[in-house]
Amino acid sequence: MFNYKIKILVVDDFPTMRRILKNLLKQIGFENIDEAENGEDGLRKLRSSEYGLVVSDWNMPVMDGLQFLKSVRSDPNLKDIPFLMVTAEAEKEKVVDAIKSGVDNYIVKPFTGEVLKEKLEKIAQKKPSLKGG
Amino acid sequence: MADEMDEIINEFIVEAEEILEQLDPLFVELEHRRQDPEIINEIFRGMHTLKGAAGFLGFQGVVDIAHRAETILKKIREGEILPTTKITDAILKGTDSLRILISKIKNKEEAEADQSVLKMLDNALQEALTQKPEEKFEEITVTEKVEVKPSKPEEVVTQIPKEKEVATLRVDVERIDKVMDLAGEIVLARNRLLNLAAKLESKYGGDDHVEGLVESVSFLDRVTSDLQLAVMKMRMQPLQKVFVKFPRMVRDLAKTLGKEVDLEIIGEDTEVDKSVIEHIGDPLVHIIRNSIDHGIESPEERVSKGKPQKGKIVIDAYQKGTQIVIDISDDGKGIDIEAIKSKAITRGLVTVEEAEKMSDDAIINLIFLPGFSTKDISTELSGRGVGMDVVKSNVAKLNGYVEIFTEKDRGTTFRISLPLTLAIIQAMMIQVGDETYAIPQSMIEETLRVGINEIKEVTGQKVLTVREKVLPLFILNEILGIPGHAESQKRYILVASVGEKRFCISVDSVLGQEEIVIKTINGIDSEECGIMGATITGDGKVVLILDLAVISRKVLTAK
């Protein structure tokens, strides 16, 4: 289904949220999951190691999700990395900004493992690096 | 799988509690600084975060309340409504409700939102939205100059403060305590080694091995001091943790009692040992309640006295030498000394004759006697028989003491002084008769050696003139009831200062300074006997540590 060997970066400033996301991703079958507290932290990690997917929250201090997305897309090494944005119901109008800035998909919280899997499958259709053998 | 969920839920609970704790003082500030976008953003993010995680974990009750609070905050952020008292009341009720829900979750109970709270939040929002523009502006009484800083709109909105990024690690308190214990043992062992090394050196000075040993022990000495400091720092936390709940508490109390009170907190970054954080809260709460209840006058009374309508309470925490000091000051009516005198007499705590002989200071300190404050006090808040005596004993348990300074109609200041580190202190070792005692260095200003003829007597009280100041002098042998050595021509004198009081203590000899570990003795009341603990000295003896604060109070009470 997916390339389960890839390293995933989960970005959210609330530790409990990171754990929940990590848990859901593990249930889908991914084994290698890293965490970052905000966009700045996330960028640093993305630049120092090879990741196959980024799952990021929107609302974070220091550097929020949208800024993080823009920074990632403008970095030549990272511009194609699969990026899933986690948003809240109220932020749905702003999703247009994320789409314009090159996000691959977005998911509204709270969501189940099933919904997460579907969203990742949609991304995999366009970004074969996420697909498994 | 179930364990994983349990762990995630536990983490959620801990973090939810932290967020709620940090939110309360922000709301109170929001009331004062209505349009501050930083505060609004921070509160919004707190609610938003809670809602997000709760949604995943299926805690619908939390989601319901957090969602409404979040909506209100969003409207405030967009300028559609103002954070009036009604709005903040509603949100505060919401956070209280959230706290209850979180503890229900902790106890694995059903966590359903209180319908009345939800209604209150909905109503508050509706009302605020439908208010006519002119009505939206509440009366603002300007008591101080208001500074208006011009700034570009975009600048203001995107200035979300950078969070203090400190790498932290969650560690079991038990593990830290174990390390502390071991560090304490090392200090004792180090003292012993220093002692033996010195003795060896004087006996076998030239020997290479002895010299090598002395050098090593000297190095060990330095490293041990560093270790002790580092371990002590591990347990230190900023007083902010204690102070965080005060703004809300003051706000609610003042409202209930019909007073208007402004709270200012200075020095919340001051760090203290964890045990202080745990035990200083109650005494502080009690003193603050006291200030609002009995100190600060009603707005009308204050205006009639020519004071500003709003009373002010200032909490100031700072380090002074080897002590941490917390001042709680109010600008109220001060403590009525006559009233205390008569109440103490009525309660049978002193006789009329004793009361007449007491200094003002001593009378004020009567409020610390158990049985002083009680049930016939009209308000339910500060007089439940939980009096100032509990404040004093709680502070004493932390090896600290409380002082009171008051001036009629100007106000009252309660000063709590605490040692910087509870367990290891610098002490002066002294000898009285055949016995050795330790006295905390923090209480000693200096040591002198004087001729016996320099000690004078004034109306039955021995005194000594130190640098042109006449100080009362007490003989420690007499205080402790120990037969002293024969009167020699010279006496060793310790000039002590406890709080604002200075006095002299005469001892038989001064042995020197030593760094000691305070071991508490269970089953004694240090308030009664003036002994704060014991220690094992460098040469292996058990020595009692004297509490000069207690002793001074006993000898200085009668004027």
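Predicted model: local features only at pLDDT ≥ 70, side-chain atom pairs only at ≥ 80, totals over all residues.
You will find A:Val62 in the loop between E3 and H3 of chain A.

Next, go to strand E3 of chain A and pick A:Asp57. Is A:Asp57 buried or exposed? A:Asp57 is buried, since its relative accessible area is 4%, and buried means under 20%. Show its surroundings too: beyond its neighbours within four places in sequence, A:Asp57 is in contact with A:Val11, A:Asp12, A:Asp13, A:Gly65, A:Met85, A:Val86 and A:Lys109. In UniProt, an unreviewed entry lists A:Asp57 for "modified residue: 4-aspartylphosphate".

Then move on to helix H2 of chain A, residues 39–48. Colour A:Gly39, A:Asp41, A:Gly42, A:Leu43 and A:Leu46, which are buried. What do the buried residues of H2(A) pack against? Their partners in chain A are strands E1 (7–11), E2 (32–36) and E3 (53–57), together with helix H3 (65–74). At the start of H2(A), zoom in on A:Asn38, where a side-chain oxygen comes to within 3.0 Å of the backbone nitrogen of A:Glu40.

Finally, colour the chain by pLDDT. Chain A has a mean of 91, with 98% of its residues at 70 or more.

Note on methods: Residues numbered from 1 in each chain as written. Chains lettered and ligands numbered in written order. Heavy atoms only, no water. Buried < 20%, exposed > 50% of the residue type's maximum accessible area, 1.4 Å probe, protein only. Helix = DSSP H or I, 4+ residues; strand = E, 2+ residues; numbered from the N terminus. Contact = heavy atoms within 4.5 Å. Polar contact = N/O pair within 3.5 Å; in protein donor to acceptor, adjacent residues only side chain to side chain. pLDDT = per-residue confidence, 0-100. UniProt positions renumbered as here; feature names shortened; annotations may be inferred.
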